[in-house]
Amino acid sequence: MKRIGLFGGTFNPIHMGHVQVIQEVKKGFDLDKIFIIPSALPPHKETAGLIDALDRIEMIRLAFSDDPDFVVSDVELKRSGFSYTIDTVYHFKSILPENTELFFIVGSDAFLEVDTWKSFKDLFLLIPFIVMYRAPAEQRNTVLQWKNLGNYIKFRISDRYKYSASRSGYIHDEKQPVFLFEVTPVDISSTEIRERISKGHTIRSLVPEIVEDLIKTKGLYL
Ligand code: ATP
């Protein structure tokens, strides 16, 4: 039985924060493979400044070119209209063997908006979540943050979720678990990278070197 993670985002562009934490999740949850799924039209994000999906895909491919366990998926790019996670999860459930264990990986900032996602209640019936929590260096108060996530899960998703210390997450008698996973904080965002490029500042060490080369060669984000 394979354990597979789905990691969605705009990846505009992919950066060292994404690369670092997704490797930690793979190890922490003993996943066999992770699909990185760039969204075509994210329903919850400002799309000005979103570059061509093919360039975002190419950067992700380059970032993981030495590790075949990370695979870029263009499923959201092939669909027309907005990219909804629920459709993506149904897609993977339909193409993977039935005994595959699937996990949806998401940062805590994105997770805290999950109640605005299409059919979010159904999503919690379909797939366990791995919520990556990153504490800013100056206030590493994990317990407090996890309490906030816990309150959100109970108030917005279902009050029948209960914390299980042994499973490091919230479990439910009908819905899928929500695991909380602390990752090394890497204070990088795609927004910062786009801003730095437009101001002519270096992005060295914020993205993999091979990605930086492509951004320069193609003049992306200028
Ligand atoms: P932007 O700055 O354009 O909003 P972003 O850097 O947050 O972009 P996304 O493509 O939106 O990148 O992120 C995809 C996923 O990765 C989200 O679940 C997000 O929470 C997570 N993520 C983004 N940056 C980091 C980081 N530095 N550390 C851990 N997780 C991250």
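## The model

This is a predicted model, where local features need pLDDT of at least 70, side-chain atom pairs count only at pLDDT 80 or more, and totals for chains, interfaces and linings use all residues. Residues are numbered from 1 along each chain as its sequence is written, and side-chain values use heavy atoms, leaving out hydrogens and water.

Helices (H or I, at least four residues) and strands (E, at least two) are DSSP runs, numbered from the N terminus.

## The second largest pocket

Rolling a probe the size of a water molecule over the atoms shows where empty space is left. Here, a pocket is an open set of points on a 1 Å grid over the protein atoms alone, where a 1.4 Å probe fits, with protein on both sides within 12 Å along at least five of seven lines. Lining residues have an atom within 4 Å of a point. Volume is the space filled by probe spheres set on the points, which are joined across faces, edges and corners.

The second largest pocket holds about 260 Å³ of space. It is lined by 17 residues, and K93, T100, E101, L102 and P128 are the closest to its centre. Helix α4 (85–95) and strand β4 (101–107) each supply at least two lining residues. β4 gives the most, with 3. By class, the lining has 10 nonpolar, 2 polar and 5 charged residues. Nonpolar means Ala, Val, Leu, Ile, Met, Phe, Trp, Tyr, Cys and Pro; charged means Asp, Glu, Lys and Arg; the others, Gly among them, are polar.

## Helices α2 and α9

The axes of α2 (residues 53–63) and α9 (residues 209–218) come within 8 Å and cross at roughly 150 degrees. The two helices are therefore roughly antiparallel (an angle over 145 degrees). On the α2 side, the contact (heavy atoms within 4.5 Å) is made by D55, E58, M59, L62 and A63. On the α9 side are I210, V211, L214, I215 and K218. By class, this contact has 7 nonpolar, no polar and 3 charged residues.

## Two backbone details

The peptide bond from N12 to P13 is cis, with omega near 5 degrees. P13 sits in the loop between β1 (3–9) and α1 (16–28).

D30 is not a glycine, yet has a positive phi of about 50 degrees. D30 lies in the loop between α1 and β2 (33–38).

Key:
Axes are lines fitted to C-alpha atoms, for helices over the stretch in contact, and angles run from 0 to 180 degrees between N-to-C directions. Angles under 35 degrees count as roughly parallel, over 145 as roughly antiparallel, 65 to 115 as roughly perpendicular and the rest as oblique.
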